[in-house]
Amino acid sequence: MLSATVELLLGTYRADPDGTAHTGRLEQGEWPPSPSRLFAALVAADGTRDRCRYTDGSELEFLEAAPAPFIEAAIEVYHEQLESRFVVKQTGRSQPNKQQQEYVARDASLVRPGVRVTPRQPVIRYLWPVEVEDRQLRALQTRAARIGYLGCADSPVRVRVERIPDESEVANDLMYAPDPDGAVSVDVPVPGRLRLLDAAFDEWTEHGTSVGRNQYPALSAKVSYRSPRAEAHAASSGRIVASLVLRPSLSGRRISSVTATFKAAVLDRFQELIGDPPAELHGHGFAERGYDLAHFLALPDVGHSHARGRIHGVALWLPAACDDDVARAARDVVHSIRRLVGPGVDASSEVWAGQRKPRAAAPGRWVGPSRRWVTAFPAIHERHVPLTLEEICRWCNHTGVPHPSSFRSLRSALMPGAVSLMPSEVHRQGMPSRPYSHLELLFEEPVRGPIVIGSGRQRGFGICAPVGDRSTLPKPERHRD
């Protein structure tokens, strides 16, 4: 195995996970430090192409093609939001009637540093399950010795790269491990990353600071990781591959418009950046089962006494069988969306990257596991038949979750914040109408989500929230002999 050990010399780490620190809304720093962060530092240590002085760059191509590494990092960390401050603006000319502290005729610029992370153990280790040649190892060690900091310049580090003979040092229960059902999104280098970095550098060299990383959304390739504290559960039928936070939040009664606008934005952006969208996203010509299509979800605030059911985020759900390349491309596309504009919808969007608030936008909020699940938006019935346990089990077959042991249904909401809708807010114009209900499902064993049930799941209806094992379902009657 290939191992890279990073020691934080000041015991702290600061980085901007998605380019939003300057907005002042960043609440959590990047943790664990992403493998892409280390890869970028290795690239900067000796350059690429004709700028390489001590290596030939082939070791970088080897590393970007390696699978996502295991990450051994502290679980207990403290996130400190740094205060914004004004600094002297470097304009190259005087500014009449201006003064910044003791600097006369100088203007000031507002700087928002973001968030500083202090881990309990200031050492991070990355482990790639690959064999590395001696030549590539020496080149990576040369680059590692030239790394001065990771993330921002006030995070000095010492990096050591070495070979580990076998996998005996990998304890999955003590590490962040790649897991499609994991709740932690981590940026990792993928094949082609080096080419994109070179293209961005060339553009920046020619055009200067007008070139930003948001112009290269493919530079972000998020992979789901399982936290060391997360319990292992049976794999779910699908996963949320990307989530966006909406500002301002939108009324839950606009779910149809929100999810339709989100889907249109994803398809348009996919066509613009990559090419024709795959059938899993739009459904036309899809050869597999109809319930293996992408789900475009609206994420409402539900489940607590102050919940109002407002939509704080949107997310893209893909089935577990979806090709990894398709999932990665879809994730990059969603992360490139900066605004959603549609009928009754106008909100800016930012990538969910571990923020504490709003909780509704966190994919982990909808994962569980739990024995009890309750719909946040009503589920649309699949057929015009009485709603029985057998019919609910049929829906569960279609969505890929176990059969519940019992259920309850009402036309009105079954938990705080859950949205009760009128027929005109559920049914699409020109399409046949079907009954819809709020559901409460109780399973024999904890089930892992996301659970989206019913006929309208591709457009966000029937999304369920885990609400703990305590059930409000009526207990079965006990009969005496």
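1. Strand β18 and strand β19 (residues 345-351) run antiparallel and are joined by four bridges; two strands pair if DSSP finds at least two bridges between them. Helices (H or I, at least four residues) and strands (E, at least two) are DSSP runs, numbered from the N terminus. Leucine 340 has alanine 347 as its bridge partner in β19, and arginine 339 stands opposite serine 348 in β19. The hairpin of β18 and β19 has two residues between the strands, and glycine 344 takes a positive phi there, near 70°.

2. The model is predicted: local features need pLDDT of at least 70, side-chain atom pairs count only at pLDDT 80 or more, and totals for chains, interfaces and linings use all residues. Residues are numbered from 1 along each chain as its sequence is written, and side-chain values use heavy atoms, with hydrogens and water left out.

3. The chain has nine helices and 24 strands. Of its 481 residues, 52% are buried, where buried means under 20% relative accessible area, exposed over 50%, and partly exposed in between (1.4 Å probe, protein chains only). Among contacts with a separation of 6 or more, 79% come from residues 24 or more positions apart; contact means heavy atoms within 4.5 Å. The chain exposes about 23,700 Å², of which carbon and sulfur atoms supply 49%; accessible areas come from the Shrake-Rupley method with a 1.4 Å probe, and for residues only the protein chains shown count as cover.

4. The β18-β19 pairing belongs to an open sheet of five strands, ordered β16-β17-β15-β19-β18 with antiparallel pairing. β16 and β18 (339-342) stand at the edges with a single partner strand each, so one side of each is left without a neighbour in the sheet. From one strand to the next, the twist averages 30°.

5. Two helices lie across strands of this sheet. Helix α5 lies across β15 (238-250), β16, β17 (311-319), β18 and β19, and runs at about 135° to β16. Helix α7 (residues 324-335) lies across β15, β17 and β19, running at about 10° to β15. For these angles, axes are lines fitted to C-alpha atoms, for helices over the stretch in contact, and angles run from 0 to 180 degrees between N-to-C directions.

6. Four aromatic pairs are found in a search of the whole structure. The ring centres of tyrosine 13 and tryptophan 31 are 6.3 Å apart and the planes stand at 65°, so this pair is edge-to-face. By the criteria used, rings of Phe, Tyr and Trp (its six-membered ring) pair if their centres lie within 6.5 Å; planes under 30 degrees apart count as stacked, over 60 as edge-to-face and the rest as tilted. Tyrosine 13 is in strand β2 (residues 13-14) and tryptophan 31 in the loop between β2 and α1 (35-46), so that the pair links distant parts of the chain, 18 residues apart. Both tyrosine 13 and tryptophan 31 are buried.

7. Phenylalanine 262 and phenylalanine 296 form an edge-to-face aromatic pair, at 5.7 Å centre to centre and 80° between the planes. This pair links helix α5 (residues 255-273), which holds phenylalanine 262, to strand β16 (residues 295-300), which holds phenylalanine 296; the two residues are 34 apart. Phenylalanine 262 counts as buried at 0% relative accessibility, and phenylalanine 296 is buried with a relative accessible area of 1%.

8. Two arginines lie over aromatic faces. Arginine 365 is 5.2 Å from the ring centre of tryptophan 366, and arginine 411 is 4.1 Å from that of tyrosine 436. A charge sits over a ring if NZ of Lys or CZ of Arg is within 6 Å of the ring centre and within 35 degrees of the ring normal.

9. Strand β9 (residues 115-119) has Val115, Val117 and Pro119 on a covered face and Arg116 and Thr118 on an uncovered one. β9 pairs with β2 in the antiparallel sense over two bridges, with arginine 116 as the bridge partner of arginine 14. Strand β4 (residues 77-81) also pairs with β9 in the antiparallel sense, over five bridges; here proline 119 is the bridge partner of valine 77.

10. In helix α8 (residues 389-399), the buried residues are Glu391, Ile392, Cys393, Trp395, Cys396, His398 and Thr399. These residues pack against β21 (379-380), β22 (406-410) and β23 (436-447). Glycine 400 follows α8 and has a positive phi, near 80°.
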